[in-house]
Amino acid sequence: MSGFLSDTFLAALLFGAVTAAIPLLLAGLGEQMSEKAGVLNIGIEGMMITGAYLGFVGAYYSESLWLGFLTGAVGGIAVAALMALLCVRIGLNQIVIGIALTLGLEGLTAILHHFQFSRSYPRLPAAEVTAIPFLSDIPVLGPALFRHHLIVYLAVAMVVVMVWVYRRTQLGLNLQAAGDKPAALDVAGIDVIRTRTVAVLFTGGMAGLGGAYLANVGAGLFIPFITNGAGFLGIVLAMLARGRPLWVLIGALIFGASLSLTTAAQVAGINIPTDLIQMLPFLAVMAMLVLFGRRASLPAALGIPYERGAR
Amino acid sequence: MTDNTSPATSRAVDVVAAEPVGREIGRRLLITLGPILISLVLAGGVLVAVGVDPLAYYGLVVERGLLSPLGLQQTLTRMAPLLFIAAGLIVAFRAGMWNLGGDGQFLLGAVSAAASAPFLVQALPGWLALFAAFLIATAVAMVWSLVPALLRAYQGVNEIITTLMMSFLGVSLANVLVKLVFLDPGTTVPQTRTLAVADRLPRLFETTITSGLVFGLVAIVVVHLMMTRTAFGLRLRIVGANPRAAVHAGLDVPLLTVAVFAISAGLVGMGGAIDIIGIQGNVRADWNPAYGLAVIPVVFLARMNGFAAIGFVFLLSVLSIGGESAARRLGVPQHFTLVLISIVLITLAIAEYLDNRLNQARRA
Amino acid sequence: MLQPQQPAPPIIVLEGVTKRFPGIVANDRVDLAIRAGEVHVLLGENGAGKSTLIGMLSGLQQPDGGRILIDGKEIAIRSPSHALSLGIGTVFQHNMLVPTLTVAENLALGGPWWQRPKIAELSVRVAEIARPLGIEINLSAQVSELSLGEQQQVEIVRALLRDSRVLILDEATSMLTPQGAAELGALMRRLVERGLAVVFITHKLGEAADFGDRVSVLKLGRKVGDIAPERLGALGREALVDEIVTLMFGRQADGDAVSIPPRAANDDTLLEVRDLNVASVSDAPALEAISFKVGRGEILGIAGIDGNGQKQLAEALAGQLSASSGSVILAGERFDGLDVGGRRRKGLRYLTDDRLGEGTVGTFPVSINYFLKQIGDPPLWRSGMERTREIEGRARELTRQFDVRTPGVATPIGRLSGGNIQKVLIARELADGAQAVIFNKPTYGLDLANTLATRQRIRDIAGQGLAVLLISTDLEELLSMCHRIAVISQGRIVGTVENGEGAGERVGRLMIGLAA
């Protein structure tokens, strides 16, 4: 009898955890920048589904996964540009527009998919794996952590990049000022609207990339509503991480692990109802919010459109 | 100086619109109908892109959802649960709380009603059994909202996130309950026991319209009156419009917050119950009509006004019933309704913004 | 060295600058010349249009008419960054530092986005600028840890770092102790000696007389007078103040004369506070062992620099903030454990200083705003149902009685002027059985007429035998009407002074931490 502790099970679990964590990591890192700059980006789910769809379409027709990531990211950025125009520039309600974009794009991608792919349900070939020399030879951990598509390592590297941006660059200061005291940034001579727009576009790009990963690497195909709340989980990660990219990574891995429990259990021949396991990441989120809710503080100006000279 | 010129769209959730008169009405019509027309054209573009004649589609939707007697009856029946959900969202949004957990609350309400009603009808007189099932569903949905409510009231945790999370949880939990706990042993289909048609809520007159519609209408009108005519509603609106003023005026904001969540979730749960004891009779595994999220735009479009919401819920029902027919006939997935509604929402928000700008320019 | 008699050509010239907002003309054809080597005082009351003028000079707002010349060339100041590049640095009334960043990071804010903040280079330059001015700055401190005075110094240094030729200081002394204000005056002197132009905005006559080389007086959006340096030098302080008063008020400011209402025959203690303690929350100071008594018909002033616990005191008395120990006693009845509504019903009323932020709901009609604190109470509500006719009738009555200028009782209150909103609040708090009233900065942001009317209203209330607690940061206001003045500093009452000869000086000494 194979148990929870068998090597196959552990390897499958860890591998799945990383695979499932990457979209959350990308979305979380993206959302983090928006929130830092004072925009609550509820539309991220819409950006992700767009990235998933366009990412798949790009990869399918070009037969290049990398072009797929590019089209996915561009798709996310396009949605983000609309969001930035409506919510940052002309100051419409971020929640209303965010929900509208999410619902509309979930619907739109489902329709487009229906007319394009619903007969054939094409699949992409399995993503090419880059094994990291030596490390990938470690038993259990090696194949689980160090045999992934190159983009996985790039996504993890983004954590370091983000830490550097926030800590060491002028842009990091500008973003934080835009979220905590936009008026101060404005009188320092930096355009608040532009700063926030940059942040929202970045979110779109990262969410689009996350969506593309979900479809192209995670599933190998596009299914309507494939994101299934991953964008919202990204928002939660960003909230709990409070501006620290490393915490997004840790959180994403925890959620990824609970998401991958189902598949891993099946691989190991353990029968647990999927629905029960699907509840795990959300249970984990709620538990974290109950425990650390008070500390999940957000930027002072989050969700408030900036209007020069308004008090 | 700029205090009174802030765009109404961005902040004030509870702008009590001044009574429109004459030219004002014309202007309002223009900024409402104009965007809807534009949206129909834009959404039509999507249809053209996938090779469907938009006029045929819209024609079919109107015919099947509105003009054909059977379609109209289905539309009116569909309104019943949606009206409850809209009522629940109005309470929350007017009090400035973003209950985005409608789907979870709805499904848990539905499952509770579906699980309890078939047993209750064996023990109690018909109407009492249905009423009891209805109350159980309401109570379950209320309890489900407790965690986000307490977190928001006493810890200040943003309810957008918590209600969304509880919604995902609720949907999964409802499925687990259907598959593992309340499974009907009599069939091979994973679903709950079925409430016999005779035991369900009666239909209206000689039609197929459920009497749940009447309850839904009553619920939303009562909610509207509660929000606009009572001291309690006024307190909630103050919490929504200016929480600091609520504290200053001595209102118990945390308690009111919990009350808002309970009422809101309770009403959404009632919607689930009505759908089961009036229409569906059981809950199938993996059933999630996702009404909760779909009604949110409707409530925004109605500007949280109960009477306007009835109109928009009717519109949504026409679109979704008609859209389901069109899906069968023209092969356009019914998600098209979502696309259309979100385009309408965005264009209306833009129109309102432009209108505000124009007004300001004129005043200055 | 520049001679005041031969002023340099002006750096900035305003010609007929006009700015309108919905309903008001904030600046009406204002002419102004700002020269290097001068402290140019812009004097005017709240609402005189000073802030709007600053907004236009710093690029936050655009004029609707007239023109702005810089070095003789007409120029539109498009944005704050444009203003900075033109050499115009502004220190705003409400500080413009990001509390979550360090001082160094705040100073670095505004650089090209791709660069690393050059902290090392910055500290050298800051040292160069700050040392001769006698400013000490800890670059690695987080801004939220600094005192308001220190934050202001950071902002001044920031403006100088940007090579500003013109430094605008908007109501810079409102957050400072009298001593801090004097230091700022000395700092401005050193700045103009180094060839800068300083524009100093204030509503305080004394500061204008003490710090200014040139004084321009604004009134209701218009420039009503100008005192040039030569004339300013020739006048003595007394004569100068007289002249400014004449410019500001047209004639002698008789309305603002000292008038302390006589105490009633029965002057027993009505409101008593014993040993009140409130724990500190986030950035609000704790209250420690606050005790005082207010008699019938007495006005007790609470003086102090803003942010020393005044708001906490008012909120603790009103029941908005819970006290950790101590008691509030009104007419012999202890209020322990009573909530806001309970205290209000017993006659303790609190008129907040934040009229739009917490006093009213801006989008709601005037009528509802009168009764925000009695929702659900009969006769305006009956068994929880709103009685619109009664509410509107009563609202119209109050509107007449308190002379509120509003198009109607259904008008959203946010559309009224500050003075009229204040009248609605006064009507709300005085209605139905008030015994003791706490006023928090009751004239803040009001124009002269409304200020005087509000002060008279407070005197009348005391004349009717009510106990009044008057919290104000305006010492002149307290001296003009209080019987006694208590001074609050860092959450403690540090002394109480009988109003009369020399009271102002004694209160001032208490405020800066000296014994009276």
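In chain A of this predicted model, helix α3(A) passes α9(A) in a right-handed crossing. Helix α3(A) comprises residues 65-89 and helix α9(A) residues 192-219. The axes of the two helices come within 6 Å and cross at roughly 145°. The residues of this contact between α3(A) and α9(A) comprise 17 nonpolar, 11 polar and two charged.

Chain A also forms an interface with chain B, in which 46 residues of chain A are in contact with 44 residues of chain B. On the side of chain A that touches chain B, two or more residues are given by each of α4 (94-117), α10 (230-241) and α12 (274-292) of chain A. The largest share comes from α4(A), with 16 residues. By residue class, the side of chain A that touches chain B divides into 33 nonpolar, nine polar and four charged residues.

The confidence of the prediction was examined for chain B. The pLDDT of chain B averages 88, and 94% of the residues score at least 70. In chain B, confidence is highest in helix α8(B), residues 212-229, at 96, and lowest in helix α14(B), residues 336-363, at a mean of 85. Over residues 1-20 of chain B, the pLDDT is below 50. Beyond near neighbours in sequence, this stretch of chain B has 46 contacts in the model. Where pLDDT is low, predicted coordinates should not be read in detail.

In chain C, an open sheet of four strands was identified, with the order β12-β11-β14-β15 and antiparallel pairing. Strands β12(C), residues 287-295, and β15(C), residues 333-334, stand at the edges of the sheet. Each of these edge strands has a single partner strand, so one side of each is left without a neighbour in the sheet. Strand β11(C), residues 269-278, runs antiparallel to β12(C) and is joined to β12(C) by six bridges. Within this pair, Val273(C) of chain C stands opposite Phe292(C) in β12(C).

A hairpin is also present in chain C, formed by β9(C) and β10(C) with two residues between the strands. Strand β9(C) covers residues 214-219 and strand β10(C) residues 222-227. The two strands pair in the antiparallel sense over five bridges. Val215(C) stands opposite Ile227(C) in β10(C).

Notes. Residues numbered from 1 in each chain as written. Chains lettered and ligands numbered in written order. Predicted model: local features only at pLDDT ≥ 70, side-chain atom pairs only at ≥ 80, totals over all residues. Pairing = 2+ DSSP bridges. Axes fitted to C-alpha atoms, helices over the stretch in contact; angles between N-to-C directions. Left-handed = near helix turned anticlockwise from the far one by under 90°. Nonpolar A, V, L, I, M, F, W, Y, C, P; charged D, E, K, R; others polar. pLDDT = per-residue confidence, 0-100. Contact = placed C-beta atoms within 7 Å.
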